[in-house]
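Here is a friendly note to read with the model open beside you. Please take the points one at a time and find each residue as you go.

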Amino acid sequence: MAQQANAILLISFVTAVLAAPLAGAQDKERSGKQVVDQVCASCHATGANGAPKIGDTDAWSKRASRGLSSLTKSALNGIRKMPPHGGNPEVSDLEIKRAIAYMVNQSGGHWVEPVGSKPRAERSGQAIVKAQCIKCHGSGKGGAPKLGDRAAWSERVKPGVDTLVRSAINGHGGMPARGGMANLTDAEIKNAVNYMVTTSIAPRKGE
């Protein structure tokens with residue numbers, strides 16, 4: 001009986017050890033706000049060392065026009081007085097991206113904070129338009145050329161699709177940089193522009 005009891009205790013102990021998380025392991029990566037509060041705020045809350053102050057719309061709008069990939073590269077490598085990874089090597093690449101998106105949004109931006117660290121497949125133009133672009137291009141909000149408006153899109157495409165893509169990347173008129181969706185790659189933006197152009201000016205049935 002004693003041996004059986006000891007065996008049960010040993011099995012219970014081993015099971016508990018295997019089920020327990022490793023010491024120091026994070027259950028999940030931190031949100032942008034958490035990273036900013038714990039790491040970035042030491043400079044960005046006050047503008048110390050020339051860092052763009054959170055809430056400074058002008059300073060952040062200029063940086064936001066570069067897109068999330070470019071800003072992330074600067075943060076990872078370090079720029080001017082900011083050391084690599086904001087001086088904290090434990091901050092993951094994804095957490096850096098989330099922190100940047102959070103600071104941009106606190107400074108007048110409307111970015112979508114990255115939600116996953118796993119590589120993802122390139123999104124189609126149709127998927128991007130349905131998820132984001134349709135918010136303005138579906139109704140013509142803010143002067144955006146309405147999806148399906150042949151005249152409006154024919155006029156805009158005259159300088160070439162690449163010109164439209166650059167405008168979408170940098171922002172134009174009432175449209176923010178990258179259409180307000182910071183994690184869109186240049187290729188995905190081109191997919192979305194191509195979809196809206198071809199959908200809007202393609203010959204209709206019977207023409």
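1. Let us begin with one term: contact means heavy atoms within 4.5 Å. With that in hand, look at Arg-178, which touches Arg-66, Gly-67, Leu-68, Ala-168, Ile-169, Leu-184, Thr-185, Asp-186 and Ile-189, not counting residues up to four places away in sequence. Arg-178 is found in the loop between α8 and α9; helices here are DSSP runs (H or I, at least four residues), numbered from the N terminus.

2. A word on what you are viewing: this is a predicted model, where local features need pLDDT of at least 70, side-chain atom pairs count only at pLDDT 80 or more, and totals for chains, interfaces and linings use all residues. Residues are numbered from 1 along each chain as its sequence is written, and side-chain values use heavy atoms, with hydrogens and water left out.

3. Why does Arg-178 count as buried? Arg-178 counts as buried because its relative accessibility is 9%, and buried means under 20% relative accessible area (exposed is over 50%, partly exposed in between, with a 1.4 Å probe and protein chains only).

4. Helix α5 deserves a look of its own. With 13 residues, α5 reaches 19 Å from its first C-alpha to its last, close to the 18 Å expected at 1.5 Å a residue; the expected span is 1.5 Å times one less than the number of residues. Is α5 mostly covered or mostly open? Mostly covered: 10 of its 13 residues are buried, and what covers them includes α2, α3 and α4.

5. Now turn to α9 (residues 186-201). Its 16 residues reach 22 Å from first C-alpha to last, close to the expected 22 Å. Glu-188, Ile-189, Ala-192, Val-193, Met-196, Val-197 and Ser-200 are buried in α9, and their cover includes α6 (125-137), α7 (150-156) and α8 (161-170).

6. Finally, the largest pocket. On a 1 Å grid over the protein atoms alone, a pocket is an open set of points where a 1.4 Å probe fits, with protein on both sides within 12 Å along at least five of seven lines; lining residues have an atom within 4 Å of a point. Its volume, the space filled by probe spheres set on the points, is about 680 Å³. Of the 28 lining residues, His-137, Ala-144, Pro-145, His-172 and Met-175 lie nearest the centre. At least two lining residues come from each of α6, α7, α8 and α9, and α6 gives the most, with five.
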